[in-house]
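Please read them with the structure open beside you.

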Amino acid sequence: MAALCESFTLCGLGPSGGVGLGGGLLALEPGPDPDHVLLTDRGRTATLFKVSDQKPLGCWSVKHGQIITCPVVCNFETHEYIAVHDDKVLRIWNNKDINLDKVFKATLSADVYRVHSLPNGGPVVLFKGGGVRTLDVLLEAPQQEIENIISDEVIKWSEAFMEGQQPVLIFTTEKDGDFFVYVQKLKMNSLHKYKLEQQELSKPLSFTAYIKNQIITLLCLYSNDSVYKVLIPLQQNTEEEEQILSKSLLLNLSVSGSVLKGTSFVVLDKDHVAVLGSLAASGEESKECLTIWNTKFQTLQTSKELPLGTSGQLWCYEEKFFFTHGKVLTVIMYKCETSSLAAAVGKLKDSQTPDVSSFVNWNTLGDEELVVSFQSQQSVALKSESKMTLRSKRNTVAKVQPDTLSVGQLLLNLKDASTTAFEDELRQLMSKAQMPDFQATIGCVITALINRCKTNPKYYPRNFLLQIVQTRDLSYSLCPDLMAVALEKKDVHLLQICLQRFPDIPEEITYACLKVFLISEAYLQRIDVNLESVICYIDIEFNNKEVKTEIVENGFNAELEQDIWDTKITKETHLTSDGEFCPVGPQKAALLNAVLHSAYSETFLLPHLKNLPAQQAVLFLRYLYYLYVKCSEKINTTLPGIRSPTINQIMDWMCLLLDAQFTVMVMLPDAKELLSNLHKFVRAQVRFYSELNKIEGSLRELQRLNHQKDSQTYSIEVLELI
């Protein structure tokens with residue numbers, strides 16, 4: 001039995017996505033940790049992602065004009081990364097490296113097709129001419145001559161395995177419609193060539209393979225909507241140069257009159273394969289979907305429709321599928337159990353299955369499956385009470401039914417319920433704190449609410465959503481559509497809470513929140529937001545403008561510095577541009593503080609900040625400057641209040657905004673004075689701390705002398721600091 005479980009977005013792929021993979025995804029490879037994957041785009045960039053957090057851990061790019069020509073892989077023995085750009089240039093680096101121009105470089109004598117990395121066998125390099133070298137041998141003499149084995153043939157696919165201590169490489173080629181298979185055993189320097197048996201009116205579209213008991217099982221997805229199996233023994237005694245490999249039909253990709261036009265597939269276990277493609281029935285429009293098939297019983301186990309379309313690529317690591325869906329890279333978890341006839345036809349009864357399904361929602365489970373599951377549970381309840389009277393049976397079923405309903409069944413039953421009944425049932429569901437998979441259940445509840453919002457634009461349970469987010473430990477990946485709907489509704493209070501509580505918000509969403517928060521002040525004054533992060537350092541009059549308060553200065557006097565630099569500015573400009581008065585109202589300040597607290601990667605946030613409108617960028621910089629001055633006024637450079645931004649957060653965002661908008665700021669008249677004041681303020685602080693550094697040695701000596709002396713009587717000592 002196989003099933004698709006919960007899904008989430010790993011990253012964006014389009015020009016507005018968070019990874020910069022605008023050219024599309026070239027490949028996805030496992031990283032140094034089981035929870036890491038390496039993404040290579042069809043251009044210049046490779047990115048390391050932590051899957052569970054949906055966060056990038058590192059990003060590396062080659063120079064403009066250079067192109068990465070094969071997937072970047074990880075050397076599992078050294079935890080280094082290997083890339084090939086412009087076909088012949090090899091690069092090797094580690095996590096500490098930033099600039100690929102400064103890492104190890106080797107120019108090879110032949111074009112590379114692909115680098116394969118084996119967990120216990122090291123990297124293996126396959127050249128376009130069919131030559132194979134281990135990385136260690138290649139690095140001893142990068143310019144060594146590489147033999148051309150396949151002449152006019154073109155490599156279509158390759159894979160590497162470990163058979164015991166022996167690295168084995170298999171690759172397929174094509175020439176004039178004929179397909180060939182090569183098997184290379186590296187340590188024995190043994191190469192065998194085979195010709196694939198031809199199939200009338202069809203050709204192979206995709207390959208995958210696995211090795212077991214000295215036998216390679218090669219699976220071929222053909223254009224006639226079938227999967228064929230080819231067995232290749234590693235032990236070959238024949239001296240024939242070329243043998244013809246016969247194939248046998250493994251799976252026919254058709255069910256109930258519908259045919260799956262597959263584009264790529266992967267092997268899950270000995271009885272299951274996953275196929276990505278378009279499912280079409282006669283007279284109906286084809287729909288792209290991900291499917292899992294049981295090869296033993298020739299049945300379709302499960303499928304998920306993908307309405308936004310895919311690139312046709314499918315990867316599978318650590319019981320997770322990876323594929324592009326629209327402009328994002330989607331991850332779907334799956335599970336496969338021992339194959340049996342009952343499981344293959346969907347009649348397997350599992351008494352160990354928990355009441356609550358972690359992964360069920362209206363998008364991943366069809367109505368028919370919910371109804372069948374509900375009916376089977378109802379019949380079990382009836383049979384268990386067969387000794388009772390008919391009236392007793394009905395009463396018992398009525399009592400048992402609510403408890404036996406899974407989350408998916410309950411949500412299905414509530415699809416057409418009234419708003420009051422709908423929310424009441426969801427509140428009762430959340431109140432069952434003892435139920436298993438509680439977090440996933442909350443995610444399903446939010447998904448149900450969001451789905452109703454999408455189908456009924458007038459429906460928006462703001463208070464209910466706020467209550468859930470404020471009282472439950474959620475994450476963005478558990479309910480990715482929540483913030484999108486809140487942005488659409490301009491629900492800034494909910495966005496503020498999400499920014500404060502979600503640890504894994506993508507940079508694209510953070511930027512979208514920033515743009516919404518920088519809207520007109522008049523609109524925000526009517527909104528109820530949490531002001532606890534600003535109320536302690538912004539004093540508000542009835543006209544919502546700040547009142548100047550007495551401060552303890554940190555060795556710096558703003559007015560004195562202005563006199564020193566002979567700056568001639570009006571009083572009005574002084575109060576609004578040097579940070580003394582807050583340039584935004586308290587509501588907007590509290591919302592911007594939530595953005596400052598959110599986690600981000602500079603590499604992926606910077607492209608979005610470059611799109612921030614100039615006036616909004618200037619306003620945001622004025623507020624950051626105001627916070628910077630406020631922090632510098634305090635002896636401990638810490639703002640009072642709960643969740644107030646730290647000096648490091650303020651400076652990081654200020655530097656990031658200046659990096660993204662510096663050219664615009666310099667050309668914009670409204671920003672020139674702000675930049676000038678910011679420059680003078682920073683220069684004054686540098687001068688102040690420079691003076692402190694000069695007396696640091698004297699202060700340390702004074703501290704040492706005080707420790708040595710133990711004065712028993714009152715005394716006055718005069719120390720001269722030189």
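1. Helix α10 passes helix α11 in a left-handed crossing, a crossing being left-handed if the near helix is turned anticlockwise from the far one by less than a right angle, and right-handed if clockwise. The axes of α10 (residues 492–501) and α11 (residues 507–517) come within 11 Å and cross at roughly 140°, which makes α10 oblique to α11. Axes here are lines fitted to C-alpha atoms, for helices over the stretch in contact, with angles running from 0 to 180 degrees between N-to-C directions; angles under 35 degrees count as roughly parallel, over 145 as roughly antiparallel, 65 to 115 as roughly perpendicular and the rest as oblique. On the α10 side the contact (heavy atoms within 4.5 Å) is made by V492, L495, Q496 and L499, and on the α11 side by C513, V516 and F517. Sorted by class, the contact of α10 with α11 has 6 nonpolar residues, 1 polar residue and no charged residues, where Ala, Val, Leu, Ile, Met, Phe, Trp, Tyr, Cys and Pro count as nonpolar, Asp, Glu, Lys and Arg as charged, and the others, Gly among them, as polar.

2. A word on the basis of these points: this is a predicted model, in which local features need pLDDT of at least 70 and side-chain atom pairs count only at pLDDT 80 or more, while totals for chains, interfaces and linings use all residues. Residues are numbered from 1 along each chain as its sequence is written, and side-chain values use heavy atoms, with hydrogens and water left out.

3. For the chain as a whole, the secondary structure comes to 20 helices and 29 strands, these being DSSP runs numbered from the N terminus (helices H or I, at least four residues; strands E, at least two). Of the 722 residues of the chain, 48% count as buried, meaning under 20% relative accessible area, with exposed over 50% and partly exposed in between (1.4 Å probe, protein chains only). Among contacts in the chain with a separation of 6 or more, 56% are accounted for by residues 24 or more positions apart.

4. K490 is found in the loop between α9 and α10, and at 39% relative accessibility K490 counts as partly exposed. Most residues other than glycine have a negative phi, so this backbone angle deserves a look. K490 is not a glycine.

5. D176, likewise not a glycine, has a positive phi of about 55°. D176 lies in the loop between β14 (166–175) and β15 (178–185), and with a relative accessible area of 71% D176 is exposed.

6. The structure holds 15 aromatic pairs, a pair being rings of Phe, Tyr and Trp (its six-membered ring) with centres within 6.5 Å, and planes under 30 degrees apart counting as stacked, over 60 as edge-to-face and the rest as tilted. In one of them, the rings of W60 and Y81 have their centres 5.1 Å apart and their planes at 35°, so the pair is tilted. This pair links distant parts of the chain, with W60 in strand β5 (residues 55–61) and Y81 in strand β7 (residues 80–85), 21 residues apart. W60 counts as buried at 3% relative accessibility, and Y81 counts as buried at 0%.

7. The rings of Y81 and W93 have their centres 5.9 Å apart and their planes at 40°, so this pair too is tilted. Y81 in β7 and W93 in strand β8 (residues 89–93) are 12 residues apart, and both are buried. W60, Y81 and W93 form one aromatic cluster.

8. Helix α15 (residues 586–597) and helix α17 (residues 614–633) pack at an angle of about 85°, with their axes 12 Å apart, and are therefore roughly perpendicular to each other. K588, A589, L592, N593 and L596 of α15 make the contact with L619, F620, Y623, L624 and L627 of α17. By class, this contact of α15 with α17 has 8 nonpolar, 1 polar and 1 charged residues.
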